[in-house]
Amino acid sequence: MKIAHLDIEPDVLLAPMAAVTDLPFRTICEEHGVGLTITEFLSANALCAGAKKELAKLTASIGGRRFGVQIFGREPEALALAAHMARDIGASLVDINMGCPAKRVVAGLCGSALMREPELAQGLVRAVRAALPPEIPVTVKHRAGWDDRHLNAPEFACAMVEAGAAMITVHGRTRTQGFSGLSSLDIIKRTRAALPRHIPLVGNGDVKTLEDYIRMRVETGCDAVMIGRGALGNPWLFRDIRAWLRAETPPGPPSLAERRTVFLRHVDLMRTHTPEKKIIHELRKAVAWYTKGLPDSAVLRDQAQAPKDPAELIAVTARYFVELGERRRSPGGPAQCDNSVTAPVPETGNPELPTLSPAVAA
Ligand SMILES: Cc1cc2nc3c(=O)[nH]c(=O)nc-3n(C[C@H](O)[C@H](O)[C@H](O)COP(=O)(O)O)c2cc1C
């Protein structure tokens with residue numbers, strides 16, 4: 001996918017997620033083949049006010065890898081200044097959040113509330129566009145609409161492009177849906193059809209497997225897919241998607257040893273990049289993600305609440321992986337293989353799967 005002059009490969013992005021897509025999580029996804037990661041949404045006002053907590057979340061990817069910064073607000077000057085800050089840390093693109101349904105955000109008439117004020121939203125895109133050098137695209141992420149009676153994603157997307165947006169992401173739920181029900185493929189398809197061909201449209205919502213990815217691409221014609229919750233504890237999904245797009249055989253779910261190794265890599269990244277007082281909390285989340293669906297993981301999650309010392313929690317989790325491996329190897333152990341944890345992965349060229357038309361795959 002090309003966003004203005006920016007090449008993204010493979011055609012899959014990590015969704016911005018507040019309190020999730022911090023630098024360690026983004027790095028893990030990058031190391032597993034995601035095409036681009038984006039910071040969680042950052043308040044333009046808070047950044048401008050120099051709020052330490054918000055500034056700490058404005059982080060460049062490690063190793064010079066490309067990344068996006070997502071900002072939100074409704075004041076053009078604040079958004080423009082926040083865009084400067086994103087540029088100064090080397091962001092490859094600046095995304096404006098127009099989809100957040102959270103009460104505190106909507107109460108301030110930001111996030112998805114902007115879908116009810118397209119002209120004001122256009123002003124924000126223009127302000128951010130004017131603040132950035134031409135090589136940094138401005139992009140917009142929004143929802144299907146405010147509610148079922150106001151499904152204005154296609155018109156809204158076109159208005160944002162007219163104001164200067166170079167890529168649109170649509171999460172196919174309305175604001176009133178929050179995270180309930182299903183993300184609509186139809187509204188994503190209609191938005192794709194409405195936009196000029198050279199503007200990439202990213203489909204988002206409920207993609208948790210390679211099959212979901214393929215369905216989203218085929219049924220909507222979108223140019224790439226953004227994945228949020230499906231990546232929690234499953235960065236291997238990006239590896240499979242990348243392999244599939246390159247017409248290679250997707251490696252499929254990880255072995256237990258791989259899970260343990262990536263968990264420990266995540267922990268290592270936290271040691272360097274997560275503030276000391278947040279580490280135990282972030283560790284508990286990681287334990288839950290990487291052990292989800294494994295035998296006795298609920299017991300481990302309970303145990304993970306007790307330790308106050310990160311080293312103890314890491315040791316308990318590492319031991320869990322080792323013991324589970326031993327149980328699987330022992331003759332009396334459960335005859336369960338790792339593949340039972342996640343859906344089996346389709347082979348490339350599987351005739352039962354829909355295939356991307358050459359135009360979509362290109
Ligand atoms: C915990 C959490 C935090 C989120 N934070 C953001 C955010 O900061 N910015 C944003 O645009 N969307 C945010 N979202 C929405 C996701 O980016 C995405 O649109 C939504 O989860 C649907 O995609 P999925 O089904 O792949 O998770 C968040 C979602 C979750 C679950």
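Gly145 stands opposite Thr174 in strand 8, where strands (E, at least two residues) and helices (H or I, at least four) are DSSP runs numbered from the N terminus. This is a predicted model, in which local features need pLDDT of at least 70 and side-chain atom pairs count only at pLDDT 80 or more, while totals for chains, interfaces and linings use all residues. Residues are numbered from 1 along each chain as its sequence is written.

| Strands joined | Bridges | Direction |
|---|---|---|
| strand 6 (residues 93-98) and strand 7 | 5 bridges | parallel |
| strand 7 (residues 138-145) and strand 8 | 6 bridges | parallel |

Asp95 stands opposite Thr139 in strand 7, and Arg143 stands opposite His171 in strand 8. Strand 7 is mostly covered, with 8 of its 8 residues buried; a residue counts as buried if 20 or more other C-beta atoms lie within 10 Å of its own, as exposed if 12 or fewer do, and as partly exposed in between, with C-beta atoms placed from the backbone. Because 8 of the 8 residues of strand 8 (residues 167-174) are buried, strand 8 is largely enclosed by the rest of the structure. Both of its faces are covered, with Met167, Thr169, His171 and Arg173 buried on one side and Ile168, Val170, Gly172 and Thr174 buried on the other.

In helix 9 (residues 210-220) the buried residues are Leu210, Tyr213, Ile214, Met216, Arg217 and Thr220, and the helix is followed by Gly221, whose phi is positive, near 75 degrees. Gly111 lies in the loop between helix 5 (103-107) and helix 6 (118-131), and Gly111 is buried because 26 other C-beta atoms lie within 10 Å. Leaving aside residues up to four places away in sequence, Gly111 touches a set of residues that includes Phe72, Asn97, Met98 and Cys100, a contact being two residues whose C-beta atoms, placed from the backbone, lie within 7 Å. From C-alpha to C-alpha, Gly111 and Ala15 are 15 Å apart in space, and they are 96 residues apart in sequence.

Ala15 also belongs to the surroundings of the ligand, where 21 residues are found, the closest being Ala15, Met17, Phe41, Gly228 and Arg229; here a residue is near a molecule if its C-beta atom, placed from the backbone, lies within 6 Å of it. This shell divides into 9 nonpolar, 8 polar and 4 charged residues, with Ala, Val, Leu, Ile, Met, Phe, Trp, Tyr, Cys and Pro counted as nonpolar, Asp, Glu, Lys and Arg as charged, and the others, Gly among them, as polar.

The domain assignment, which is automatic or taken from a database, gives domain 1 (2-245) and domain 2 (256-340). Their C-alpha centres lie 30 Å apart, and the contact takes 9 residues from domain 1 and 11 residues from domain 2. On the side of domain 1 that touches domain 2, the largest share, 4 residues, comes from helix 1 (residues 23-31).

As for confidence, the mean pLDDT of the protein is 92, and 91% of its residues reach 70 or more, pLDDT being the predictor's confidence in each residue, from 0 to 100. Over residues 334-345 the pLDDT stays under 50, and for this stretch the model has 22 contacts beyond four places in sequence.

How values were computed:
Pairing = 2+ DSSP bridges.
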